Amino acid sequence: MSDVNAAARLDRTPRPSVVHGSRGRSPLALVTEAVREVTSRRRLIGYLVQADMKKRGSDTVLGNLWWILDPLLQMVVFVVFVTVISRRPVADYPLFIFAAILPWKWYSSVVTDSTTAVVSRAGLLRQIAFPKIVLPVATVTAEVVGFVWGLIPLVAIMLFYADRLTFMLLWIPVIAVVQYVFSIATAIFLSAANVFFRDLGNVAGHVLRLWWFLSPSLFSLKQLEDIGFVKDHAAVRFLAEINPFAILFEAYRSVIYGSDEGLPPRPPDLLALAVLLVASLGLCALAAIFFKRLEPEFAKVL
């Protein structure tokens with residue numbers, strides 16, 4: 001009940017969309033309304049972010065300890081797998097793989113939490129009227145805190161590779177902004193779809209595992225392109241290059257690790273990031289239209 005009362009105090013403005021629904025409205029009108037709802041409900045989003053963080057313990061040091069330990073444990077597993085079993089490591093492989101694990105953990109956490117962003121607030125939705133689209137936005141924003149905590153073990157690992165510790169790390173927030181926008185598009189879509197397809201969370205988990213191994217996570221994009229099957233099939237090579245996490249992993253590694261060919265850290269591919277940012281904004285618009293079309297049915301289904 002405290003969530004209901006707090007949300008009601010923070011959001012008392014009438015919403016025409018809630019009253020009249022979204023039928024018959026143009027996609028542009030829905031996107032404009034979604035943007036207006038998010039930008040005008042900053043206090044409500046702030047409250048929801050704090051509530052999500054408190055629920056997961058992310059507002060305490062101990063609650064964020066898993067964000068430090070989990071990436072390190074994953075790094076150990078993949079280092080053993082690649083260096084001992086497959087025996088195809090690159091130089092300074094722990095840093096190489098950690099540069100991919102950290103942003104991937106952020107995104108996978110967003111996917112997991114966004115599937116329940118709306119359904120977990122069923123009581124809130126039934127009792128007060130407010131723009132539901134702020135729920136997935138708050139979920140993504142809350143996960144930023146975990147990503148920031150994950151930078152602590154990154155810095156600790158980099159102390160063992162002092163030659164790679166450069167001012168290129170200042171590019172990380174720029175890359176993170178691009179990932180944040182892409183994550184918002186994902187969260188908005190999944191949060192709405194899961195209201196009607198409750199098994200979506202299980203499906204998303206399997207897709208994430210497949211996506212991780214199909215991305216240049218364990219190996220660089222260049223190493224993937226050197227595989228015979230990828231090299232011989234231009235379509236496969238093209239799909240590997242436009243994979244959003246191929247762009248993001250390569251960007252993070254560029255500023256954290258450098259190149260597996262021995263080059264020191266350098267600025268990311270800004271053109272690729274700009275293309276991904278524009279594409280992510282387009283996906284956000286499509287996800288917002290999808291969300292707003294389904295929003296009037298949320299209360300009935302839940």
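Residues are numbered from 1 along each chain as its sequence is written, and side-chain values use heavy atoms, with hydrogens and water left out. In this predicted model, local features need pLDDT of at least 70 and side-chain atom pairs count only at pLDDT 80 or more, whereas totals for chains, interfaces and linings use all residues.

The structure holds 4 salt bridges, each defined as a side-chain nitrogen of Lys or Arg within 4 Å of a carboxyl oxygen of Asp or Glu. In one of them, Glu33 pairs with Lys292, with the closest N and O atoms 2.8 Å apart. This pair links distant parts of the chain, Glu33 lying in helix α3 and Lys292 in helix α15, 259 residues apart; helices are DSSP runs (H or I, at least four residues) numbered from the N terminus. Glu33 is buried at 4% relative accessibility, and Lys292 is buried at 1% (buried, under 20% relative accessible area; exposed, over 50%; partly exposed, in between; 1.4 Å probe, protein chains only). Lys292 also forms a salt bridge with Glu295, the closest N and O atoms being 2.7 Å apart, and Glu295 is buried with a relative accessible area of 8%. A network of salt bridges links Glu33, Glu37, Lys292 and Glu295.

Helix α3 (residues 27-40) also contains Thr32, which is partly exposed at 41% relative accessibility. The C-alpha atoms of Thr32 and Ile289 are separated by 9.6 Å, although the two residues are 257 apart along the chain.

Helix α15 (residues 270-294) packs with α9 at an angle of about 20°, with the axes 8 Å apart; axes are lines fitted to C-alpha atoms, for helices over the stretch in contact, and angles run from 0 to 180 degrees between N-to-C directions. The two helices α9 and α15 are therefore roughly parallel (angles under 35 degrees).

A further salt bridge joins Arg164 and Asp92, with the closest N and O atoms 2.8 Å apart. Arg164 lies in the loop between α8 and α9, and Asp92 in the loop between α5 (65-86) and α6, 72 residues apart. Arg164 is buried, with a relative accessible area of 7%, whereas Asp92 is partly exposed at 24% relative accessibility.

The loop between α8 (134-158) and α9 (172-196) also holds Leu159, which counts as exposed at 59% relative accessibility.

Definitions and conventions
Angles under 35 degrees count as roughly parallel, over 145 as roughly antiparallel, 65 to 115 as roughly perpendicular and the rest as oblique.
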